[in-house]
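Subject: Structure handover

Hello,

I am passing this structure on to you, with notes on what was found in it. Please read them with the model open.

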Amino acid sequence: MNYLAHIYLSEDHEQVTIGNFIADGNGITGKSYQKFPKAIQVGILLHRQIDTFTDAHPTVKQSKKRLHKNYGHYSGIIVDIFYDHFLAKNWSNYSDVPLEDYAQKFYTLLQTNYENLPERTQYLLPYMTKGNWLVTYATIDGIEKVLIGMDNRTKNLSNMQLSITELQTHYNAFEAEFTSFFEDLCQFSHTKLNTILKTI
């Protein structure tokens, strides 16, 4: 799953949310998570569990299979982005807080905890806030911009920006797969979060 889903699955735990958000792309591997405060550690561990569950889920595999021929091992990254789109688009089904308000609260949380964020997250924060990434996920144009950015990071080797065509062509199928999968993921994540909170 991508940013929005990981944030949402942290429920109302602010420090857990930070950990869940920073767990990717910051070199937090193995036991290096233990250098963070306990609540942030919970978020990092939850993030890992969410990723493992997602990768093994048959519905996610079905979504990735639709993309694999053209995008190979990047298919999983693309599906994560597609699924965040459907979460943002259908946000009112999952939260009583408007997405715009939810996103602004999250950006403020990161800014308030700026000194505790890894360097890469500190670097990304102003871009994320200015571009209002979490809200732009709700539109096709927003997702296309995300895919173009991801493609640039791979020096255009992934061709991820082209996958917007598959999203539009198979839109209903991807959305149905997300909806089915996300129900399972929410149940799994809630149980796993409570377990980790008790054991760490």
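In these notes, helix axes are lines fitted to C-alpha atoms over the stretch in contact, and the angles between N-to-C directions run from 0 to 180 degrees. Helices (H or I, at least four residues) are DSSP runs, numbered from the N terminus. The model is a predicted one, in which local features need pLDDT of at least 70 and side-chain atom pairs count only at pLDDT 80 or more, while totals for chains, interfaces and linings use all residues. Residues are numbered from 1 along each chain as its sequence is written, and side-chain values use heavy atoms, with hydrogens and water left out.

Helices α2 and α6

The axes of α2 and α6 come within 11 Å and cross at roughly 85 degrees. That makes α2 roughly perpendicular to α6 (65 to 115 degrees counts as roughly perpendicular, under 35 as roughly parallel, over 145 as roughly antiparallel, and the rest as oblique). The contact (heavy atoms within 4.5 Å) is made by E14, T17, I18 and F21 of α2 and by K105, F106, L109 and L110 of α6.

Seven of the nine residues of α2 are buried, so α2 is largely enclosed by the rest of the structure. Here buried means under 20% relative accessible area, exposed means over 50%, and partly exposed lies in between, with a 1.4 Å probe and protein chains only. The buried residues of α2 are V16, T17, I18, G19, N20, F21 and I22. Their cover includes α1, α3 (38-56), α6, α7 and α11.

Helix α6 runs over residues 99-112. Its 14 residues reach 20 Å from first C-alpha to last, close to the 20 Å expected at 1.5 Å a residue (the expected span is 1.5 Å times one less than the number of residues). Buried in α6 are L99, Y102, A103, F106, Y107, L109 and L110. Seen down the axis of α6, these buried residues fall within an arc of 155 degrees, so they line one face of the helix; the arc is that of the directions from the helix axis to the C-beta atoms. An α-helix has 3.6 residues a turn, so residues three or four places apart point the same way. On the other side of α6, K105 and T112 are exposed. The buried residues of α6 pack against α1 (3-8), α2 (14-22), α5 (75-89), α7 (119-131) and α8 (133-136).

Helix α4 (residues 58-71) and helix α11 (residues 171-199) have axes that come within 9 Å and cross at roughly 155 degrees. That makes α4 roughly antiparallel to α11. On the α4 side, the contact is made by T59, V60, Q62, S63, R66 and L67, and on the α11 side by A173, F174, E177, S180 and F181. The crossing of α4 and α11 is left-handed, meaning that the near helix is turned anticlockwise from the far one by less than a right angle (right-handed if clockwise).

Helix α5 packs with helix α9 (residues 140-153) at an angle of about 155 degrees, the axes being 10 Å apart. The two are therefore roughly antiparallel to each other, and α5 passes α9 in a right-handed crossing. Here I77, I81, F82 and H85 of α5 meet I140, I143, V146, L147 and M150 of α9.

Helix α11 and E175

The 29 residues of α11 reach 40 Å from first C-alpha to last, close to the 42 Å expected at 1.5 Å a residue. Among the buried residues of α11 are Y171, F174, E175, L185 and I196. E175 counts as buried at 15% relative accessibility. Leaving aside neighbours within four places in sequence, E175 is in contact with F86, K89 and N90.

Loop residues

I28 sits in the loop between α2 and α3 and is buried, with a relative accessible area of 7%. Not counting residues up to four places away in sequence, I28 touches I22, A23, Y33, F36, I44 and R48. I28 and I44 are 16 residues apart in sequence and 8.4 Å apart in space, C-alpha to C-alpha.

Most residues other than glycine have a negative phi. N132, in the loop between α7 and α8, has a positive phi of about 50 degrees, and N132 is buried at 14% relative accessible area. N159 lies in the loop between α9 and α10 (164-169). Phi of N159 is positive, near 60 degrees, and N159 is partly exposed, with a relative accessible area of 34%.

Regards
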